[in-house]
Protein chains: 2
Amino acid sequence: MTDALITRLNYQDTDFTGKLDALLAWDSVSDHKVADAVADILHQVKTRGDAAVVEYTNRFDRRDVQSFAELVVPPEALQKALESIGAPEREALQEAARRVRVYHEHQRQESWRYTEPDGTVLGQQITPMERVGLYVPGGKASYPSSVLMNAIPAKVAGVDELTMVVPAPDGELNQMVLAAAAIAGVDRVITAGGAQAVAALAYGTETVAKVDKIVGPGNIFVATAKRAVFGQVAIDMIAGPSEILVLCDGQTDPDWIAMDLFSQAEHDEQAQSILISPDGEFLDKVEAAMARLLPEMSREPIIRESLRNRGALIKVDTMDQAIALSNRIAPEHLEVSVADPDTLLPQIRHAGAIFMGRHTPEALGDYCAGPNHVLPTSGTARFSSPLGVYDFQKRSSIIYASPEGASTLAHTAATLARSEDLEAHALSADYRKR
Amino acid sequence: MTDALITRLNYQDTDFTGKLDALLAWDSVSDHKVADAVADILHQVKTRGDAAVVEYTNRFDRRDVQSFAELVVPPEALQKALESIGAPEREALQEAARRVRVYHEHQRQESWRYTEPDGTVLGQQITPMERVGLYVPGGKASYPSSVLMNAIPAKVAGVDELTMVVPAPDGELNQMVLAAAAIAGVDRVITAGGAQAVAALAYGTETVAKVDKIVGPGNIFVATAKRAVFGQVAIDMIAGPSEILVLCDGQTDPDWIAMDLFSQAEHDEQAQSILISPDGEFLDKVEAAMARLLPEMSREPIIRESLRNRGALIKVDTMDQAIALSNRIAPEHLEVSVADPDTLLPQIRHAGAIFMGRHTPEALGDYCAGPNHVLPTSGTARFSSPLGVYDFQKRSSIIYASPEGASTLAHTAATLARSEDLEAHALSADYRKR
């Protein structure tokens, strides 16, 4: 028995469902040691503010700063970073930012109201959040594209102040990340990370204003800290490993599909790449392409591990079966690599982002197509949505009763209030009767 | 020194801010005993399904059922409840439901897409959640209005299956609650409550299909269970005590304002009623009205306790100060009881629902004006919104690159992917270059 490159499944297999469930299963490990360490850091920063952040930053990031002021990146440094990077990279960042901005401008919600015949006005007022914190990981996982994807929707929403925190291990910062911050309009950059940075944003310190929401990816310490401060402030989702599901009719170049699967697998060993097709020979061709292309990949060990642990090529009987499986998986990224994807779209119920046709690999969406690359993972597309402008706006209901309207409404309200034994509610309504 | 009915504050007080903060402070008590008990119940229901729910229900609700089937309310019972209640109550429920439905239909989001000059299509597809669970408390806190407010937005959103769980202590059910469920179009009612009902909805059992989201208020066991299953399924907010902030220019009938404050205070001892006015004499009049009206109230002890613990009448110098305070408090309910509230509206940034003018007491919005009465509490209106249709829909991004569009986008994507050391991303994009 050889060690297979990737799991092969067939919808006709006995216990196909059980096998699929096993493949999809993923649990975030909740570690008590991490939780305790994070609780301590949160408490220290909450009670001692700037000083605690400085101490933890010196310790964890091997820095040697005397005061919090040294953690604040001067605004000129952002502009300088933008000038320092290569022209192709600068232009690519600017073009990506432009497209992301245009797309997200379509998401802006507008206030509305309507007037009833008796003069009563009902509506909804949209306002942006005041302050948002953006976490950006340091080191290897420090992605400029993430800065654009998190910061631009907040600025399109009209957020007043966007503070980015990014650790600078040994004092080193990724210039592309700073350049992206400059392009996205980040208001302030602080070189701190981990739970201490999350705490500073959530509780505020002498130097950092408490924010309303914290977004952005991070390691287990950051995720645990975000979960702990949830409620005090809003947070975005806690992401699981990234995944792609490709549905293919068997007519796309197998090399293309193989590389699309690799592009997910190269993220990390827990990433998941699944291909579903009614064409068994096509699955063979893709597997052969993977075997051929893999040895040339710079991240070959990660890709190999990810495919072996969590990847799958699944043979189905029909495209309808493929769609049904897709709805069950509720993938983060869904590629519909077929001739006419629009005919399938109405049947797709749960997916973070849908990449349609043979010419739309996920990578285009990861960087520059326009839609957000922060997407619901691990089947949460059943109830969650891509990050967007609406994550940085909120709604207030508007009720403006005319004297006549109030009198009519008061009858209904008082009747229901009395049925709930809430007398003051009833009287408060009754007072407005004519 | 007399035991004051309600705290009086003045913006000019020394340490006004500190006093206000102390008044607003509210922390949900996280009790380890509760957390442990809930964790055990969740585990039992997750592993033993229906049988565990039956056992806990028999124990906690003093029931004596043999099988889960006995916990399911037959659909006829809902219709029968609707016919059994008084005609005025039935008509009031129907009228409230109608108005809530009309308002929420304005919130329905539509899918959209746009085509770029090179043929690339970008968009957003809106789909409803499949299954939603609605928690309704039993006994005294069992409010028919809550059933309408939680169920109607879900049905307007297009949710396929809405399951309501409601405990029936000693086998007793509130007929108004069942009638409201009938009117709102609830698909299924199960008489179970507590953490065991939340677990059944979150994990599924032999009889209950796993839901995508759980909404609705509940006691500390329910709230703890919801927090624990968050991530597995979506949940609505965990609500704190209800609060009202009234801004008044001093020209509204003091009795009206007194009763509006009572209507909040009568909910429970932790509820918060605050009035802010630039007119000190008006505050005196309202206090006098409260003293006069209070002894007649059926919930007098609760109101008295709530006002003493958490209520306040605050004198400011100007309406601008009042608005600034309001934005700081970010109230759940905000009454703007002035002659021309529309002139103040643009300055109001954070509030769950805004009740405008002298004829719009909160009670109208609690029952029948149309907007939702499930609102962000404890200052979370800074980053949260009223419950609405958007809580039961989700968005999928659509990207459909034309061959020409893909070729252009691939340049940008590949450049950025290489800057992030993600070679497979770059190649996957490169393959689509012409």
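Leaving aside neighbours within four places in sequence, with which residues is E420(A) in contact?

Guide: A note on conventions comes before the answer. This is a predicted model, in which local features need pLDDT of at least 70 and side-chain atom pairs count only at pLDDT 80 or more, while totals for chains, interfaces and linings use all residues. Residues are numbered from 1 along each chain as its sequence is written, chains are lettered from A and ligands numbered from 1 in the order in which they are written, and side-chain values use heavy atoms, with hydrogens and water left out.

With neighbours up to four places away in sequence set aside, E420(A) is in contact with Y143(B), P144(B), S145(B), R299(B) and Y367(B), where contact means heavy atoms within 4.5 Å. E420(A) lies in the loop between α15 (403–419) and α16 (423–430) of chain A; helices (H or I, at least four residues) and strands (E, at least two) are DSSP runs numbered from the N terminus. Because its relative accessibility is 6%, E420(A) counts as buried, the term meaning under 20% relative accessible area, with exposed over 50% and partly exposed in between (1.4 Å probe, protein chains only).

Another of the annotated positions, D366(A), belongs to helix α14 (residues 362–367) of chain A. D366(A) counts as buried because its relative accessibility is 7%. Residues up to four places away in sequence not being counted, D366(A) touches S145(A), M149(A), H333(A), H373(A) and H425(B).

C248(A) counts as buried because its relative accessibility is 0%, and C368(B) counts as buried because its value is 0%. With a disulfide taken as a pair of cysteine sulfur atoms within 2.5 Å, the count over all chains comes to 0 disulfides.
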